[in-house]
Amino acid sequence: MKNKKLVFGIAVCAAIALIVLVIYRHHQSAPVQVEAHGPATAQVAEVQRGNISEVLTLAGQFQPYQVVEVHPKVSGFIRKINVDIGDIVHRGQTLAVLEVPELQAQLQGTVSSLSQAKAQVVQAQNEVSRAESQHVALHEDNLRLQEAAKAQPGLIAEQELDDAQAKDLASQAQVAAAKSALAAAQQAEQVARANHLRVSALNHYTDVVAPLNGVITWRYADTGALIQAGTTSDTQALPIVKLSQSDLLRLRVPVPEDDVRYVNVGDPMQVYVGAIGRSFEGKVVRFTRSVSLDTRTMETEIDVPNPDLTIDPGMYANTELQLAHVNNVPTVALDALVHNNGNGWEAYVVDSTSHVQIRPVKVGVQGSNLAQIVSGLQPGDRVILGGQGKYQQGELVKPILQKEPASEVYKQTGGMIDMSASQESD
């Protein structure tokens, strides 16, 4: 009896479960049947006006604007050195003083030679004056005798007349000789003066001065060291110090070959120096106009004023170089475009009657999510996002509008310095 009741209960439960399953399947199949007979849904986005910027991120390194190894003009012993590593110096400041005893002797010799040459010039000038005076007297005597002989022929002997004329001509020659001697003495004085100026200039070179404003980055010699003159490139003369101009720095950035065409003098670049937490905008000042065969990059430089010397040469910086850029142009999501081989780009437009219209479009600047529309679409047009192959020309659809951004900044990475990683490693 109990077994019959158990079997009956199980049968009732199975019947109830079957009825519930039939009802559930009926309710599930009813909406599907409705949707199958209605228009297909389509995710759409509107063509909007916006901006697209393509930005290249690069790592750069700061270099001094100028680096000079300071050599003396003359050889000598360092009597005094006034600077050391890290000192800030100004143009014309004395860095070191050399002691050159033989140069002092040469200078005194040139002073004596110049004085002697001046005395010889004065002597030659006096000789010219004496010769000219003598010539005037003899010339007047000759004229008087000649006039008297003409007035009374035979009064003066011919011998006397010839002697007077000969003395006149001889005195004239002495004047010319004296003037030649004066010219030679004056030339000798010029040579002596030039030699004196040369040795005097060399003597001034014993004071080694800074050729520019900067920072002493290295010191090669100490007091008492013998330093050779750095006047020729044949010998590897040791400099006294190395001077770096750091109040103005060069930020050197290697631009990849594919992006070289975008680089122009005056282009803005955003710079971030992670070591000091400083951001600023710079401008491209110069570039090599040549791509390296090893790295396939072109060195590009930005001049960075550094009056407070907060940025040290050798520091790294992350930069952003703007490449392609368009403003206030029609833009659309890349998912709304279909590229057909041989036909270019196409877009599936949902018109005002919710029918699909396939249009050819011309695309300009592309980002990672957006593209510029040059022709084929207008702001306000609704285009299907993705899955365009499911739709046919003229098909009726139910558009579902999706909100998409109108502008984009597309960043390409050409190499950056991960400041957080470097700090963690430290």
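## The lining of the largest cavity

Sorted by class, the lining of the largest cavity has 5 nonpolar, 2 polar and 2 charged residues. The model is a predicted one. The lining residues are Glu46, Gln48, Thr331, Val332, Ala333, Leu370, Glu404, Pro405 and Ala406. Which strand gives the most to this lining? Strand β13 (residues 316–333) does, with 3 residues.

How many cavities of 30 Å³ or more does the whole structure hold? The search finds 1. The largest cavity holds about 30 Å³ of space. Rolling a probe the size of a water molecule over the atoms shows where empty space is left.

## Strand β13 and its partners

β13 also takes part in strand pairing. Strand β2 (residues 48–70) runs antiparallel to β13, and 12 bridges join them. Thr57 of this pair faces Glu320 in β13.

Strand β10 (residues 268–273) is another partner: it is antiparallel to β13, with 4 bridges between them. Here Val271 has Thr319 in β13 as its bridge partner. Strand β17 (residues 370–375) pairs with β13 as well, in the antiparallel sense, over 3 bridges. Thr331 stands opposite Gln372 in β17. Thr331 is also one of the residues that line the largest cavity.

## Two helices side by side

Now turn to the helices. Helix α2 covers residues 101–151, and helix α3 covers residues 158–204. Their axes come within 7 Å and cross at roughly 165°. Why are α2 and α3 called roughly antiparallel? Angles over 145 degrees count as roughly antiparallel, and the axes cross at roughly 165°. The two helices are therefore roughly antiparallel to each other.

The crossing of α2 and α3 is left-handed. The residues of the contact of α2 with α3 divide into 23 nonpolar, 20 polar and 9 charged.

## An open sheet of 4 strands

What is the strand order in the open sheet of 4 strands? The order is β6-β5-β3-β8, and the pairing is antiparallel. The edge strands are β6 (207–209) and β8 (226–227). Each of these pairs on one side only.

Look at one pair in the sheet. Strand β5 (residues 94–99) and β6 run antiparallel, joined by 3 bridges. The bridge partner of Thr94 in β6 is Val209. In a regular strand the side chains alternate between the two faces of the sheet.

## Strand β7 and its partners

Strand β7 (residues 214–219) pairs with strand β4 (residues 88–89) in the antiparallel sense, over 2 bridges. In this pair, Val89 has Gly214 in β7 as its bridge partner.

β7 pairs with strand β9 (residues 241–256) too. This pairing is antiparallel and has 4 bridges. Which residue of β9 stands opposite Ile216? Leu243 does.

Technical notes: Residues are numbered from 1 along each chain as its sequence is written. This is a predicted model: local features need pLDDT of at least 70, side-chain atom pairs count only at pLDDT 80 or more; totals for chains, interfaces and linings use all residues. Side-chain values use heavy atoms; hydrogens and water are left out. On a 1 Å grid over the protein atoms alone, a cavity is a set of points where a 1.4 Å probe fits but cannot get out, and a pocket is an open set with protein on both sides within 12 Å along at least five of seven lines; lining residues have an atom within 4 Å of a point. Grid points are joined across faces, edges and corners, and a volume is the space filled by probe spheres set on the points. Ala, Val, Leu, Ile, Met, Phe, Trp, Tyr, Cys and Pro count as nonpolar, Asp, Glu, Lys and Arg as charged, and the others, Gly among them, as polar. Axes are lines fitted to C-alpha atoms, for helices over the stretch in contact, and angles run from 0 to 180 degrees between N-to-C directions. Angles under 35 degrees count as roughly parallel, over 145 as roughly antiparallel, 65 to 115 as roughly perpendicular and the rest as oblique. A crossing is left-handed if the near helix is turned anticlockwise from the far one by less than a right angle, and right-handed if clockwise. Two strands pair if DSSP finds at least two bridges between them.
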